[in-house]
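Subject: Handover of a structure and findings

Dear colleague,

Please find below the structure that I am handing over to you. My findings follow it, arranged by topic.

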Amino acid sequence: MEKVLDFIGHAPPAMKASMALDLERGNRLELPWLGGKVVALGRELGVPTPTHATLYALLKPYAMGTPD
């Protein structure tokens with residue numbers, strides 16, 4: 001945990017997650033095997049994942065890139 005906090009504390013302010021960059025560029029997202037997998041496993045194991053489920057639903061139209 002200390003390494004993660006150290007990384008976050010020293011990351012450049014303009015740094016973005018790769019999925020955020022892909023979304024901005026209109027590229028395909030890693031959504032199905034990241035956020036989608038969290039939602040599916042939560043459902044399978046009976047663990048609520050409301051934040052991941054909401055973000056998955058909001059980003060799903062962009063999973064294959066910017067819709068035409």
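**The salt bridge**

Lys16 is partly exposed, its relative accessible area being 41%. Please note that this is a predicted model. The partner of Lys16 is Glu24, and the two side chains meet in a salt bridge with an N to O distance of 2.3 Å. Glu24, for its part, is exposed, at a relative accessible area of 52%; the cut-off for that class is over 50%, so Glu24 falls within it. The structure holds one salt bridge.

**Overall architecture**

The protein contains four helices and zero strands. Read along the sequence, the pattern is therefore written α-α-α-α, with strands defined as DSSP runs of E and helices as runs of H or I. The radius of gyration is 14 Å, whereas a compact globule of 68 residues would have a value near 11 Å. Along the principal axes, the C-alpha trace spans about 35 × 35 × 15 Å.

Of the 68 residues, 16% count as buried. The accessible surface of the protein amounts to about 5,600 Å², and carbon and sulfur atoms hold 64% of that surface. As regards contacts with a separation of 6 or more, 46% come from residues 24 or more positions apart.

**Helix 3 and what follows it**

Helix 3 covers residues 35-45, and its buried residues are Gly35, Gly36, Val39 and Gly42. Seen down the helix axis, these buried residues fall within an arc of 130°, so they line one face of helix 3. Glu44 and Leu45 are exposed on the other side of helix 3. The cover over the buried residues of helix 3 includes helix 4, which comprises residues 50-59.

Just after helix 3, Gly46 adopts a positive phi of about 75°. Further along, Thr49 is located in the loop between helix 3 and helix 4. Thr49 has a relative accessible area of 18% and is buried, because the cut-off for a buried residue is under 20%. Leaving aside neighbours within four places in sequence, Thr49 is in contact with Val38, Val39 and Gly42.

Where is Met1 placed? Met1 belongs to the segment before helix 1. With a relative accessibility of 75%, Met1 counts as exposed. Met1 also takes part in a nonpolar patch on the surface, together with Val4, Leu5, Phe7, Ile8 and Met15. The accessible area of these residues together is about 680 Å². Phe7, a member of this patch, lies in helix 1, which runs over residues 2-10.

**The segment after helix 4**

Gly65 is found in the segment after helix 4. Is Gly65 buried or exposed? Gly65 is buried, with a relative accessible area of 6%. Which residues does Gly65 touch, not counting those up to four places away in sequence? The residues are Gly26, Asn27 and Arg28. The C-alpha atoms of Gly65 and Met19 are separated by 11 Å, at 46 residues apart along the chain.

Yours sincerely

How values were computed. Residues are numbered from 1 along each chain as its sequence is written. This is a predicted model: local features need pLDDT of at least 70, side-chain atom pairs count only at pLDDT 80 or more; totals for chains, interfaces and linings use all residues. Side-chain values use heavy atoms; hydrogens and water are left out. Buried means under 20% relative accessible area, exposed over 50%, partly exposed in between (1.4 Å probe, protein chains only). Helices (H or I, at least four residues) and strands (E, at least two) are DSSP runs, numbered from the N terminus. The arc is that of the directions from the helix axis to the C-beta atoms. Contact means heavy atoms within 4.5 Å. Patches are made of residues with over 30% relative accessible area and no salt bridge: like charges are joined within 9 Å, nonpolar side chains (Val, Leu, Ile, Met, Phe, Trp, Tyr) within 5 Å. Accessible areas come from the Shrake-Rupley method with a 1.4 Å probe; for residues, only the protein chains shown count as cover. A salt bridge is a side-chain nitrogen of Lys or Arg within 4 Å of a carboxyl oxygen of Asp or Glu. The radius of gyration is taken over C-alpha atoms; the globule rule is 2.2 Å times the number of residues to the power 0.38.
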